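Hello,

Here is the structure I said I would pass on. My notes on what was found in it come after it.

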Amino acid sequence: MTGQSHAVGQSHATGDGTGQNGGAGPGDVAGQGHAAGPGGGPGGAPGRAGFAGGSRRSFLTYLVAAPTLALVTRAGADAVAPQPAHAVVPSLPAVADVIDLGDLFILAGAPTAALLALAVEADGTIRFRLPREEVGQGLTTAVAMLVAEELDAPLGAVRVELDDARPELLFNQLTGSSNSVRSLYGPVRQCAATARARLIAAAARRWSLPAASLTTANGAVRAPDGRTAGYGSLAGAAADPALVVLGATPKKTADHTLVGRPTGRVDARAMVTGAQRYTLDLDVPGAAPCVVRRPPTLGGSVRSVANLAAVRAMPGVLHVVTVATGVAVVAETFGQALDAKAALQVTWGPGPADGLSDAQVRTRLRAATPPLLVPPLLTPYVDAEFDFAFVSHAPMETNCAVADVRDDRAEIWSGLKSPIVARETIAADLGLPLDRVRVHVVQAGGSFGRRLFFDAALEAARISKACRRPVKLMWTRVDDTRHGRMRPATHHKIRATHLLGEVLSFEHRVAAAETDFRHGLGEIVTATAAHLPLGIGNATLAQTLFLTTVKSPYHFGLTTQALVEVPTGVPTGSWRSVYSANARGAEEIVVDELAAATGKDPYRFRRAFLKTGAQRAVLDKAALEGEWGRPMGAGRAQGIAFHEEYKSRTACLVEIDVRDPEHVRVTKAVIAVDVGLPVNPRGLEAQMLGGLTDAISTTLRAGLHLEKGLPLEGSYSQFHWAQQRDTPRDVRVFVLPATGESPGGAGELGVPAAVGAIANAWARATGSKPRSFPLDFDVDFTPYPR
């Protein structure tokens, strides 16, 4: 049995399956636990090593925990319960008020949320296999805190390791939709509580004492007489299947000593010292550097290479092969590969977006925008139309992957938020059985939705197969900015009617370049369904995501929101906050204009029409701490906005300085946030700061100019992402104390309110109405050659 972990049985519970996260795009969650196969992984995947350091004195626990019908019913009832109305014309609940996208993912993942693995080793180290991706959102820290809390162990003793692709998890290994902590909160706690109960039972048997008389603290079991036994010394006995164990119940919120306390990231030191290993840092034997020469238009194809022999003869070049996405060069060093790539003389075929430019996209979207239903007739009204540009995800780590494809097997390493569908797609593409393909999830340097797709992993696998050797694929920054997926351009038409200080109707119509959801819900069935013809596949997912995420928090009478998507041939994907960043940002601008039209203060207007006391609490906190209404000089102003999504809510107040038109700056920001139960307030602060930076960037200067089928931008300097000088020196984030027993989502939360607040501050400072974003969108650079 040496080299394997001991299965210690299963635990059954009907606990809460909800919980708080970061990231963008769709995501996750319960079922029958099972022991690891001979390879150390579920199903005995070939060569799987299992937990590092696993031995006969370590054990695994698997959890079974599913939300009950009563839980689901209560969630729905709470959403539609009557709230004190502060408007004459209350609004009916939107779809997202009753059930949001996170709820859907939790329910879809419920049959396999139980398949969690935790190991306690002889030295007291606790290892937890996380079936999600860490992309900088702090998920590994939050999960480590949950494990340490339930086990009464030091946080430093917990190691969270990213799990390989596990198809048996179905919908439960997709990272996105602010859903990871939200969906893992109950199952992870139950898993750790089960491990703690077994350790107590092992100590009780050793000391011949009642289990109920024992306590745990600091990674050890303690007896009333002062005896202690470290968890490592009990691990082997705790794995005994014959062990009698009392029921395992996670702690009550009131008993938490770590969860809810601001805690530094468990990987912070590794990241700032360079010790953190990302995909291109991996030492895979024989893996040679690889880059790809990409077409001059999006999705173009290779017709011929004129100087193939000459490039193959260049110093260090090992292989030059053509794949579906371009011409790949494999060399001894990345420098040699880049030189050879630049020397290639390629004749290209057309792509699906050839000739397409910004003006054409805007014209298509305006023409496709659904009509408004409510005519203004005799009532006053506010009409507004908005345009938002394409935007790059722009993570610090560009697209990359390592692939080792042989005749009978394949192994892939990459930062992946949907590793199951990646493994299934790669296996089918290579013509290999699924059990002969291993996909390792590597911590990634950013995503914002980009790594929901596995473009680099599939591309690297194809190149490795063609070269018959392992390759280490790197997309350059220009590749990532120009050929990566992007947030779709959108057009918005909003009309609000009002009378005697009350809002009678609020209509919002959105036309968007089609968002690609063909990763499905993270596995092959829904990914295949998303490829079905328009109206059946991808469009159905788009409508579902829109309706379960976008909602108005105000009592604005008859409120309707609708989406239509327009295929453009431009590669797109979920971008942080998906539809809400643009949709709710635009709505918050109109709320300010409604306040002006009715002669109300923007803060007090919002407060009067918000639906719940919890919403008003965060708005009040932001207004109080930000000194709303304080005198501001010419060219400077405040802006405020509100957003609610994924059972969480936030308000943002900013101050802006537009006195230098060449360098408009947000000088101050105050953010209040309520996520129900904050697992790690410090991580939550970071999420909100990240959302603020995204909003500053995309509201003021950052966007992609599409010209003749290709973005002009090719670097951070050209894309104009906010730099340190562009960010406010005075930023305060106020995390409200726990208002619930489970976490809401956080990853998508911070962008929409900040977009609205910045735009509203700009409008008050300039006296102009913001209508096209980013506000400063000049081509003030020389584009890189195509």
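The model is predicted, so please keep the thresholds in mind: local features need pLDDT of at least 70, side-chain atom pairs count only at pLDDT 80 or more, and totals for chains, interfaces and linings use all residues. Numbering starts from 1 along each chain as its sequence is written, and side-chain values use heavy atoms, with hydrogens and water left out.

Strand β25

Helices (H or I, at least four residues) and strands (E, at least two) are DSSP runs, numbered from the N terminus. Buried means under 20% relative accessible area, exposed over 50%, and partly exposed in between, with a 1.4 Å probe and protein chains only.

Two strands count as paired if DSSP finds at least two bridges between them. β25 pairs with strand β24 (residues 636-645) in the antiparallel sense, over 10 bridges; there, Glu655 in β25 is the bridge partner of Gln638. The hairpin of β24 and β25 has two residues between the strands, and Tyr646 takes a positive phi near 55 degrees in it. β25 also runs antiparallel to strand β26 (residues 665-674), with nine bridges joining them. In β26, Arg665 is the bridge partner of Asp657.

Salt bridges

A salt bridge here is a side-chain nitrogen of Lys or Arg within 4 Å of a carboxyl oxygen of Asp or Glu. The structure holds 53 of these salt bridges. One of them joins Glu161 and Arg127, with the closest N and O atoms 2.6 Å apart. Glu161 lies in strand β5 (residues 158-162) and Arg127 in strand β4 (residues 126-130), so the pair ties together parts that are 34 residues apart in sequence. Both Glu161 and Arg127 are buried.

Another salt bridge is between Asp479 and Arg294 (3.5 Å, N to O). This pair links distant parts of the chain, 185 residues apart: Asp479 is in helix α13 (residues 477-483), and Arg294 is in the loop between β9 (288-293) and β10 (301-305). Asp479 and Arg294 are also buried. Salt bridges that share partners join Glu121, Arg127, Arg129, Glu161, Asp163, Arg166 and Glu168 into one network.

Arg584

Arg584 sits in helix α16 (residues 580-597) and, at 1% relative accessibility, counts as buried. A polar contact is a pair of N or O atoms within 3.5 Å; within protein, one must be able to donate a hydrogen and the other to accept it, and residues adjacent in sequence count only if both atoms are side-chain atoms. The Arg584 side chain makes such contacts with the side chains of Glu587 (2.9 Å) and Glu588 (2.7 Å). Leaving aside residues up to four places away in sequence, Arg584 touches Lys551, Pro553, Tyr554, Phe642, His643 and Pro752, where contact means heavy atoms within 4.5 Å.

Cysteines

The structure holds zero disulfides, a disulfide being a pair of cysteine sulfur atoms within 2.5 Å. For Cys467, the nearest cysteine sulfur is that of Cys290, 6.7 Å away. Cys467 counts as buried at 6% relative accessibility, and Cys400 counts as buried at 2%.

Regards
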